[in-house]
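Colleague: I have a new model open and would like to learn how to read it. Could you walk me through it, feature by feature?

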Amino acid sequence: MNFYRDFDKLCLALKGAGAFLVVEDGKGGANPMTIGWAQLGVTWGLPVMSVLVRPSRHTYSLLRGASCFTVCVPREGEMKKELAFCGSRSGRDTDKARECGLRLKNGSLPGSFIIEGSELVYECSLLHRAPLTPGALPPELVSRYYPEGDWHDIFTGEVKLFRGAK
Ligand SMILES: Cc1cc2nc3c(=O)[nH]c(=O)nc-3n(C[C@H](O)[C@H](O)[C@H](O)COP(=O)(O)O)c2cc1C
């Protein structure tokens with residue numbers, strides 16, 4: 001499985017309308033959250049995907065109790081309304097998938113969910129969580145991204161399954 005095929009599509013989506021980070025909600029379903037930041041690469045000799053999530057997100061609490069997460073990337077220009085919805089509403093007070101008509105189905109890992117119709121799907125099993133180190137970031141990035149704190153944690157998962165573009 002070539003996990004790195006379609007890397008350009010992943011990055012273009014992240015730089016544009018975003019991608020979905022999907023995490024099991026503990027109620028038999030899953031919560032999709034829009035992300036713009038992610039890293040695909042190699043660590044510990046493994047193919048890994050890292051996502052950066054602020055503690056204020058509902059997704060953060062879900063990730064703290066999860067064993068896996070999925071990154072689902074729509075085809076260019078598709079699902080823009082759904083990405084905007086899942087990037088502005090919280091799964092704390094709404095069933096986002098149902099409200100915006102996203103069809104979730106079980107992935108291949110226990111507890112993983114994928115969004116039907118995605119062009120790329122990365123199913124990841126969680127390996128590591130680490131907070132960012134405030135003093136280690138240039139001050140201009142601190143004032144731009146963290147004026148109120150809420151520093152992202154980095155959640156890294158091993159990419160176990162990848163489905164690329166046809
Ligand atoms: C394009 C876009 C990219 C985003 N990227 C991130 C991200 O990488 N990390 C993050 O913590 N929040 C990000 N957000 C904000 C969350 O998607 C947003 O706060 C969401 O409502 C949180 O949902 P939840 O509370 O259900 O987890 C992004 C929002 C948008 C619109």
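Modeller: Gladly; let's start with the core. The largest nonpolar core has 40 residues, and Leu21, Val22, Val51, Phe69, Val71 and Cys72 touch the most other members. Such a core is a set of buried Ala, Val, Leu, Ile, Met, Phe, Trp, Tyr and Cys residues joined through C-beta atoms within 7 Å. Buried means 20 or more other C-beta atoms within 10 Å of a residue's own, exposed means 12 or fewer, and partly exposed lies in between, with C-beta atoms placed from the backbone.

Colleague: What should I keep in mind about the model itself?

Modeller: It is a predicted model: local features need pLDDT of at least 70 and side-chain atom pairs count only at pLDDT 80 or more, while totals for chains, interfaces and linings use all residues. Residues are numbered from 1 along each chain as its sequence is written.

Colleague: Which residues does leucine 21 touch?

Modeller: The general idea is that nonpolar side chains tend to be buried together in soluble globular proteins. Here, leaving out residues up to four places away in sequence, leucine 21 touches Met33, Ile35, Val51, Thr59, Phe69 and Val71. Contact means that the two C-beta atoms, placed from the backbone, lie within 7 Å.

Colleague: What is the strand order in the open sheet?

Modeller: Strands of a sheet pair through backbone hydrogen bonds, either parallel or antiparallel. This open sheet has seven strands in the order E2-E1-E5-E8-E9-E4-E3, with antiparallel pairing. Its edge strands are E2 (30-35) and E3, each pairing on one side only. Strands are DSSP runs of E with at least two residues, helices are runs of H or I with at least four, and both are numbered from the N terminus. Two strands pair if DSSP finds at least two bridges between them.

Colleague: How many bridges join E4 and E9?

Modeller: Six, in the antiparallel sense. Valine 53 stands opposite aspartate 153 in E9.

Colleague: Where is tryptophan 44, and is it buried or exposed?

Modeller: Tryptophan 44 sits in the loop between strand E3 (38-43) and strand E4 (46-53). It is exposed, with 9 other C-beta atoms within 10 Å. Its phi is positive, about 55 degrees, although tryptophan 44 is not a glycine.

Colleague: And what is the phi of aspartate 150?

Modeller: Aspartate 150 also has a positive phi, near 55 degrees, in a residue other than glycine. Aspartate 150 lies in the loop between helix H5 (139-145) and strand E9 (153-163), and counts as exposed with 12 C-beta neighbours inside 10 Å.
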